[in-house]
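Here is a friendly briefing for anyone about to work with these coordinates. Please have the sequence and the 3D view open as you read.

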Amino acid sequence: MRKKTNATHFAAGSTTLIAGGTHVMGDIRFAGNLEVEGQITGNIIAEAGADARVRILPKGCVVGNVNVPMVVINGRIEGDIYSSRQVELAANAVVIGDLHYVLIEIEKGAQVNGSFVHSDPSLSEALEPPENIAETGVQGQGS
C-alpha cells in the first residue's frame, strides 16, 4: 500500500473559511485558498490566472459548480467541477456531477455520480464551463 508523502498544495495568498453552521447563498469568486466546512449554494469560481485552491471538508457541502485550478474534496458537491490542475477525492467525497480534470487522485470510499472528463492542460479553454452556467448561477436539477 502506497502512503501519500507530499502535503496538499496551498495556494499563494490568503485563506477564507466558510465555517460549520454557515450557509452562503450566491456565487463566490476568490484567489488564494477557500476552506468549506459549512454550506454554499452557488458557484465557486477562482479569479482568472489565480493560483487558487478550494478544499471541501467532511461536513462541507456545495450546491453549484466549482471552477478552481486545485480542488480537494472530502465533503459533498452537487454540481460540475472544472479543474485546470488537479482534483483530489478523499475517502468521504461525494460528487453528483461531472469532473473535468487534468490530474485526479481518488481514495478508496470516494463516490462520484457523473462523468470523468480528462482534459489536456495545453487546451485551457477545454476546462472552462459553459458561459450560461458560470454567469447565471446554479444549474437546475433534472434539466
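Predicted model: local features only at pLDDT ≥ 70, side-chain atom pairs only at ≥ 80, totals over all residues.

E78 stands opposite I96 in β14. Residues are numbered from 1 along each chain as its sequence is written, and side-chain values use heavy atoms, with hydrogens and water left out.

**Overall make-up**
- The protein has one helix and 18 strands; these are DSSP runs numbered from the N terminus, with helices being H or I of at least four residues and strands E of at least two.
- Of its 143 residues, 44% count as buried, meaning under 20% relative accessible area with a 1.4 Å probe, protein chains only.

- An open, parallel sheet of six strands runs β2-β5-β8-β11-β14-β17; two strands pair if DSSP finds at least two bridges between them.
- At its edges, β2 (23-25) and β17 (111-113) each pair on one side only.
- β11 (residues 76-78) and β14 (residues 94-96) are joined in the parallel sense over three bridges.

**The sheet with β9 and β12**
- Another open sheet of six strands, with parallel pairing, has the order β3-β6-β9-β12-β15-β18.
- β3 (28-30) and β18 (116-118) each have a single partner strand, so one side of each lacks a neighbour in the sheet.
- β9 (residues 66-67) pairs with β12 (residues 81-82) in the parallel sense over two bridges, and V66 has I81 as its bridge partner in β12.

How values were computed: Buried < 20%, exposed > 50% of the residue type's maximum accessible area, 1.4 Å probe, protein only.
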